[in-house]
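Have a look at the fold before reading on.

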Amino acid sequence: MKEKEINSMMLEINKKCKFPKYWNDFIEKQIEDYHYIIKDTKNRKCYCTNCHHTFYDTKVRIGHYFKCPNCNKEIYVISKNVSYIPSFKKSINLVQRFNKNIITRVFEIEVFYSYETKCMEKDIVEYCRIVPGKGKFLSDNVWFSLGYMHIYHYDDTISDISWREYKGNRFFSDFTTYPYNKKKIIKGTKFEYAPIKEFTKMFYPYNFIDTLQLAAYESFELLWNMKLYKLCFSSKKLNKNGSFYKRFGVPKNYLKFMQDHNIDYKSLKLLQLLKVQDFKLIKECHDSSFKDVKFLYENGILESYMASGNNVYLGDIKLLKEISEFIPLKKLNNYPKGLKNLNIYKDYLVMSKKLALNYVSKKDLFPRNLISRHDKMQKKLTIEEDRETQFSAYLRYLELSKYTYEDEKYIIFPAPSIDALKDEGNQQGNCVGNMYLTPYIEGTTEIYFIRNLNDASKSFITLEFKNGHVVQKELPHHSINFSDEQNNFIDKWIGYRSFIEKKEKYKKKQEIKVIKYNLKKMAA
């Protein structure tokens, strides 16, 4: 609905729906227990907001309930010295007729202590209207924050409150309702012949107000008469004209199956997808995501997947999508070991690709002893990866070794191996052994060790050089308290490194070949 239509309808409700005769009595009944005993700790004087009686009693304890000696009510005790006395809040419903329709109006009552009158005062505000067939509408004196509802209370003189359609999932119908006669209130409305009483009785304690929202659609009565009772909860979605197939998405000969199993809307969607009258299969898929079930069905693997004792869940769907990059999922139908061990099978295929085995035969794609083959391949891959990484680290060392430099006390050199990096990390108490291995061998950063010449095996300073700058340098245990001598050595090394780079650039220029042209041949 458009904003103008909503506000027009709300103004009409204001004019036609007056408060019932005993409305004020009903309000007072809802808040009769909302009182405090207010204790003054200085003189031990206690004041009851219910009977306005003042009394003295040493047994009265703040934060507990105490029976007032005058009105004999158990009332919560609060200190007079608090900066703010908390208010009480309660929502209530009022069901009324409106243009052959029935609406539910939702109010919040706030009861608070007035320091001026020394009484509990009340403020009431209407914040929601439920119009069956139209929707739920919130006034502009309500907002939501992190799942909690906060209601603003306006002055009674404000009449231009705007309304907006509410499309969330919050229920506003479970509050105490103003007493009404159900038969009388629906008589003469479009709900008069709807099976509201029968529905609420079957699905007890589904309440009258929520049932009205379902019964607002013509399909509600039709679905009930067709004995599709659970589908009545989806009367809005199924409120379509035309043939049986147009309404339900399945042929009419499915009706008996739908009646026998009293299917709900989720089961109907599964029935539309699977196109098979197999309630056991539908039941097994019911608690799973429809999107995931659809993925399995469209890949022709649903029944064999379920037969393997699996339950549809997101983790398996992710694994199956990864497996589908290697083989068509339909091929898994005849491989129960793979279906029961999706994670192991996925790893097996990934490792096969890494080892460049290019499996094509059934024997290799679907091994008889999956777990054994997986474990053997894992060992082989570990050896291969370790060998390649070690060699890459060695090549990186050879590449950077030209920057090795020493003076009379210190020496600096690149990390020579993986083991050396790990040892450096252990000695220094830092993460260089694992966090910097990959960027080091891939050439995105440079790692150097600075050692004392008289004890070169003992870790001393770890240094990272990147993009022409020293980006990190640390003594053991992340210390950065460098001496002038140590900083001077690092500066000298940077100068030496710069000299080596300039020398290499000059050498490359000298290696550029000069092409000599034969002028005689060109002239000819």
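Contact here means heavy atoms within 4.5 Å. Helices (H or I, at least four residues) and strands (E, at least two) are DSSP runs, numbered from the N terminus. The model is a predicted one, where local features need pLDDT of at least 70 and side-chain atom pairs count only at pLDDT 80 or more, while totals for chains, interfaces and linings use all residues. Residues are numbered from 1 along each chain as its sequence is written, and side-chain values use heavy atoms, with hydrogens and water left out.

**The opening helix**

Let's start with α1, residues 3-16. In α1, Ile6, Met9, Met10 and Ile13 are buried, meaning under 20% relative accessible area, whereas exposed means over 50% and partly exposed is in between (1.4 Å probe, protein chains only). These four cover an arc of only 100° around the axis, which puts them on the same side of α1; that arc is taken from the directions from the helix axis to the C-beta atoms. On the other side, Lys4 and Lys15 are exposed. What do the buried residues of α1 pack against? Their partners are β6, β7, β8, β9 and β12.

**Two cores**

A nonpolar core is a set of buried Ala, Val, Leu, Ile, Met, Phe, Trp, Tyr and Cys residues joined through side-chain atoms within 4.5 Å. The largest one has 78 residues, and Leu320 and Leu332 are among those with the most contacts inside it. Skipping neighbours within four places in sequence, Leu320 is in contact with residues including Phe295, Leu296 and Ile301. Another core, of 29 residues, lies apart from it and includes Phe449 and Leu463.

Ile323 sits in helix α13 (residues 314-323) and is buried, with a relative accessible area of 0%. Beyond four places in sequence, Ile323 touches Leu329, Leu332, Leu342, Tyr345, Lys346 and Leu349.

**The five-stranded sheet**

Five strands make an open antiparallel sheet in the order β14-β15-β16-β17-β18. Two strands pair if DSSP finds at least two bridges between them. β14 and β18 are the edge strands, each pairing on one side only. β16 and β17 pair over five bridges, with Phe449 opposite Thr462 in β17.

| Helix | Residues | Angle to strand |
|---|---|---|
| α18 | 418-428 | about 60° with β16 |
| α21 | 484-510 | about 50° to β15 |

α18 touches β16, β17 and β18, while α21 lies across β14, β15, β16, β17 and β18.

How values were computed
The expected span of a helix is 1.5 Å times one less than its number of residues. Axes are lines fitted to C-alpha atoms, for helices over the stretch in contact, and angles run from 0 to 180 degrees between N-to-C directions.
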